[in-house]
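Hi,

Here is the model I said I would pass on.

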Amino acid sequence: MENNNAPQVQQEETATGRSVLREIASFLKELLDIHEDTDRDTTMEIVKRDICFKGHNAWILVFSIFVASIGLNVSSTAVVIGAMLISPLMGPIVGVGFSVAINDVDTLKRSLVNLGVMVGLSVLTAYLYFLVSPIKEETPELVARTYPTILDVLVAIFGGTALIIAKTKKGAIASVIMGVAIATALMPPLCTVGYGLAIGNWEYAGGALYLFSINSVFIALSTFVVSKLLRFPLVKYANSKRRKNTARLASLIAILVMIPSIILFVNLLSEQVFLSKTKDFVQQVIQYPGAEVVKFSQDYKTKIVDIYLIGKPVPQEEIEQWKAQIRAEKELEHTVLRVHQGSDQSSEMAERLSTEVKAGILEDLYLKNQQVVEDKDARIRLLEQELMRYRSSGIPFESITKEAKINYRNIEQMSYANNLVTNFSEIDTVPTFNVRWNKSLSRNSREAEMNRLKQWLQVRLSLDTLSVQAVN
């Protein structure tokens, strides 16, 4: 009996399992599907409208470039973010990817022309600003925009995808569009190009332009891929020959963009892996009692890692073992490890070691001293606040009230207390006087008397901060 029922039970379990899988698949499809909520007509209209660059958009771009340049010049992240929010740079880049996806040659031409004008105007504006600016130091905000990393590529890919998805949704999501404008950071690299040209640093200018190009290409590529997946209708031409030529041109452009982009992505990924793995190797393997790593540098192009040691000399056998270990690491087979020790004066790197290590030590000492000074300043501020509290707690209330009554005859009652006030980052004690005035006194006269009383109390008690309040 049991043997006869076993196949039936097994079939029921199989059917139940399939039913559960179908429900999960249906749930995921409903959760992730964006086709139904896509507004194709409105999206095409918005994308084409944002491509246009003249009048208001031109002036907005110029002034946003000025704002971003100032933020980079003084290393203010908040100012740079504000400039990115008001910049109209994203429109033509999205237009390039979208027009290639729908075979719209006219829109592609307009996008490329407007993008070129935007880039030229942005670089020119930034160049003029940094040319006349008295501050030409290399700030961290500027240096960070001189070369792309794998993270920049990933941000451009995912940010561009989020942007076009937000634009295609019925009722575009403004917060996503603004967030992508900040994350992809198209404007700061162009400002850095202007900075590099202004100071004559072609390496900075070229690296920043490279970063902008990377961001632009991957945003356009993301737009192209999403537009294809959402099946936006292709532009139809009356001339079938022109339609075929347009389709071929769009496909060729897409291939020309995708192949270098993939190669670039792989190269940047390899570089990031090299830098990460060599850093981990130095931190985990390069250890010897009595010796300390004071500095190390990595060069991806030459595959050379330079390590600078001070303290007890490391035996050559130990160094050779380190070299064998790094070559045994996956993806570091061709890495050359060079160890420079402070006692090795025969090395050609001895002079460089001395100067660079000294510079690093001085920098560390400066940072530590700066922290000590900041801590002392904080303690001084705290002591000043405590002193003010002490002084305010010793107010000669009786004599003050007698003098106040002589000078201000309309006072009927006066009280004093120390109020604790906070802005939720710090707490302060404010001396507070509560005054009851004669009810026959008009409102304007009472306010005038209050101001005079407050000024007199500040002078009389030598307090910068106090409060005078009227009570009924």
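At what angle do helix H3 and H6 pack, and how far apart are their axes? The angle is about 45 degrees and the axes are 9 Å apart, with axes taken as lines fitted to C-alpha atoms (for helices, over the stretch in contact) and angles running from 0 to 180 degrees between N-to-C directions. That makes H3 oblique to H6; angles under 35 degrees would count as roughly parallel, over 145 as roughly antiparallel and 65 to 115 as roughly perpendicular, with the rest being oblique.

Before going on, some ground rules: this is a predicted model, where local features need pLDDT of at least 70 and side-chain atom pairs count only at pLDDT 80 or more, while totals for chains, interfaces and linings use all residues. Residues are numbered from 1 along each chain as its sequence is written, and side-chain values use heavy atoms, leaving out hydrogens and water. Helices are DSSP runs (H or I, at least four residues), numbered from the N terminus.

Back to the helix pair. H3 covers residues 56-73, and its crossing with H6 is right-handed (the near helix is turned clockwise from the far one by less than a right angle). On the H3 side, the residues in contact (heavy atoms within 4.5 Å) include Leu 61, Ile 65 and Phe 66, and among those they meet in H6 are Met 118, Leu 121 and Tyr 129. The contact residues divide into 11 nonpolar, 4 polar and no charged. Here Ala, Val, Leu, Ile, Met, Phe, Trp, Tyr, Cys and Pro count as nonpolar, Asp, Glu, Lys and Arg as charged, and the others, Gly among them, as polar.

Now the salt bridges (a side-chain nitrogen of Lys or Arg within 4 Å of a carboxyl oxygen of Asp or Glu). The count comes to 7. One of them joins Asp 104 to Lys 48, at 3.6 Å between the closest N and O atoms. That pair links distant parts of the chain, 56 residues apart: Asp 104 is in the loop between H5 and H6, and Lys 48 is in helix H2. Asp 104 is buried at 6% relative accessible area, whereas Lys 48 is partly exposed at 30% (buried is under 20%, exposed over 50%, partly exposed in between, with a 1.4 Å probe and protein chains only).

Helix H16 has Glu 449 and Arg 452, 3 residues apart, and their side chains meet at 2.9 Å, N to O. Glu 449 is buried at 14%, and Arg 452 is partly exposed at 46%.

Cheers

Technical notes. Helices (H or I, at least four residues) and strands (E, at least two) are DSSP runs, numbered from the N terminus.
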